[in-house]
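I opened my notebook for a first look at this structure. Here is what I looked up, entry by entry.

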Amino acid sequence: MISTEIRRAAVLGCGLIGASVALALRRTGVHVTLSDRDPYAVRKAERMGAGTASARGDRPADVVVIATPPSTVPGVLREAQARGLGRVYTDVASTKAGILAEAEAAGCDVSVYVPGHPMAGGESSGPGAARADLFAGRRWALCPHPATRPDAVRLVTELVALCGAEHRLVCPDAHDRVTAAVSHVPHLVAAALAARFAGADETTLALAGQGLRDVTRIAGGSPDLWCDILRQNAGPIAEVLDAVVRDLTEVASALRGAEPGASGTSGVPGMAGAAGTPGALAGLLVRGNHGRALLAGARPAGVAGGRSAAPKAAA
């Protein structure tokens, strides 16, 4: 047991992340109550050992975890605080700045609210895909408001540790810019690539290799949930998408200008620029090699050594 303060937790939303949080907390001996608008999700999570269904008369939780779609978090937070469900509140949505602003505008008590985002998930949804070790060794962003009390941040930090993750303090705007680049746009790019095969014939599918399956794996996420996520972080996502589209447009233009039958890189527009500098095609591939090397060398949370590519912590 890591925490001496968290003895009771309430999880609102029994999808993949909420049920995984509940399973991780139960494994450390925390008493967990569960609620969801879908009674089946609660029953499934109960059968998995994630906790017990919430009921009238439940004692207030030490921490309330809101694991509902991003657009619903401010409303759920306001209702939970009005009902006195707990003394500290957090969420697990993958967008932060808009949610925090809406919560403050709705009159929520941000002094006891610590917005959070575990950097973990999967292509499958629902409580059936939940795992107690989903967050083990992962980073978990915490984005408190300047008015958030230090004891509230400390308690949510303990919750993160109980789940096996490593917390990282990040300001909400920085979180959303980084998450657009490392999570949201990759999902859209994977979906765009996978969409090319929505009507694929048997021969095409038979020849598809593991590389294609790897880069399109995350395209299997729930369209409804992902539409909600993407709309909540629209501005930062659009900026990153514009940059990706510019790269691909330049490459497409270079390929259209390539001479049929040209061998190697000689005479192929986009492969080499003036004075031997890389053209659009080679330039993108070289930068891709460099970016992949940095990502591969980044230190996973909880592992000694290596280079950290995580954003600088901000209060």
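**Notebook: first look**

I began with burial: 38% of the 315 residues in the protein chain are buried (under 20% relative accessible area; over 50% is exposed and in between is partly exposed, with a 1.4 Å probe and protein chains only). I kept in mind that this is a predicted model, where local features need pLDDT of at least 70, side-chain atom pairs count only at pLDDT 80 or more, and totals for chains, interfaces and linings use all residues. I also noted that residues are numbered from 1 along each chain as its sequence is written, and that side-chain values use heavy atoms, leaving out hydrogens and water.

The protein chain exposes about 16400 Å², and 56% of that comes from carbon and sulfur atoms (Shrake-Rupley method, 1.4 Å probe).

Then I checked the fold elements. I found 11 helices and 9 strands in the protein chain (DSSP runs: H or I of at least four residues for helices, E of at least two for strands).

For contacts (heavy atoms within 4.5 Å), I took those with a separation of 6 or more: 70% of them join residues 24 or more positions apart.

How many disulfides does a search of the whole structure find? I got 0, counting pairs of cysteine sulfur atoms within 2.5 Å.

The whole structure holds 1 aromatic pair (Phe, Tyr or Trp rings, the six-membered one for Trp, with centres within 6.5 Å; planes under 30 degrees apart are stacked, over 60 edge-to-face, the rest tilted). Phenylalanine 135 and tryptophan 140 form this tilted pair, 5.1 Å centre to centre with 50° between the planes. Both phenylalanine 135 and tryptophan 140 are buried.
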